[in-house]
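Visitor: I should like to examine this model with you. Please set each term against its definition as we proceed.

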Amino acid sequence: MQALRLFLPNLPSIPNLGQGSSIGVSRPGKDLSTGLAENDQGDAVNALSGERILIAWERGLSMPEPWRPLALLELAMPETDIATLASMPLAERNAKLLELRSISFGRAIEAFATCPLCDAPLEFVLNADDLRRNVCTAAEETWIESKTEMHMRVANSNDLAAVVDSASEDDACAMLLARTMGIENTDVDFKAHSDWLTRFEHLNAVAETVCALTCEACAERSEIDFDIAGFLWREVGAAARRLLSEIHRLASAYGWSEREIAAMNPARRNAYLEMLNS
Ligand SMILES: [Zn+2]
């Protein structure tokens, strides 16, 4: 069931380090940069900065959790509608989120988790561009079973949203399999078809980033799923709150408008903040 951890964000019985509180942004964040990148499909991806950070955060807050990463992408990729983003394979969605992260906050992802054995902090650094290059997508799998041709496609954000309120892990797994295989939930029999889950995990493994970490305090080795969607959402939230705090201070001191301060080059904004601190 290891691979399913990523796909069940709200089921408390399933460890989910990527979306929980035990993995987080290790620093309050760096200055926002502006940028524009062309991805492999030629779609322009706009960096999140200034006013766009605030809009992305507000849009995401108004949506259920599985949709929040898409709120970020929708703003960064205005030529791609939300329905297209929602049906995008998770590995492809993650690649776009990594690209967005790289051009918005830099390619170095400094994160931390806590040791499952002794609670010591585990810090690690990932390269968003390297992770993105490692992503390759397989769209579907076909096989013959009792003379019947079976299909399974990769999971997408629509599937995640559909299983969020499942009563149990088994229910969620059954629904994921049914949705991705185009069959009824009642036709999913884990005992008769134990290979279906294995096929699902194998097909969707590219959507996962597993980090092997060793605790310096107790030498415990552990693996965590690095979830770029949850990570970037928390990072955008932190950046938005920091920007609002800066706007509050500068507006109070100088009387400038929110829009003027949000549009200001971060270096200039920091210079004014330093003057207020001196
Ligand atoms: Zn430890």
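Visitor: Which residue of β7 is the bridge partner of Trp143?

Guide: The bridge partner of Trp143 in β7 is Met150. This is a predicted model, in which local features need pLDDT of at least 70, side-chain atom pairs count only at pLDDT 80 or more, and totals for chains, interfaces and linings use all residues. Residues are numbered from 1 along each chain as its sequence is written. Helices (H or I, at least four residues) and strands (E, at least two) are DSSP runs, numbered from the N terminus.

Visitor: Why is β6 said to lie largely in the open?

Guide: A residue is buried if 20 or more other C-beta atoms lie within 10 Å of its own, exposed if 12 or fewer, and partly exposed in between, with C-beta atoms placed from the backbone. Of the six residues of β6 (residues 140-145), the number buried is zero, so the strand lies largely in the open.

Visitor: How do you know that the length of α7 agrees with that of a helix?

Guide: The expected span is 1.5 Å times one less than the number of residues. For the 13 residues of α7 (residues 169-181) that gives 18 Å, and the end C-alpha atoms are 18 Å apart, so the two agree. Just after α7, Gly182 takes a positive phi of about 70°.

Visitor: Which residues of α7 are buried, and what covers them?

Guide: Among the buried residues are Ala172, Cys173, Leu176 and Leu177. Their cover includes β7 (148-153), α6 (157-163) and α8 (194-204).

Visitor: Why are the buried residues of α1 said to line one face?

Guide: In α1 (residues 51-61), Ile53, Ala56, Trp57 and Gly60 are buried. Seen down the axis, they fall within an arc of 95°, so they line one face of the helix; the arc is that of the directions from the helix axis to the C-beta atoms. These residues pack against α2 (68-76) and α9.

Visitor: Where is confidence lowest and where is it highest?

Guide: By pLDDT (the predictor's confidence in each residue, from 0 to 100), confidence is lowest in β1 (residues 24-25), at a mean of 53, and highest in α9, at 95.

How values were computed:
Contact = placed C-beta atoms within 7 Å. Pairing = 2+ DSSP bridges.
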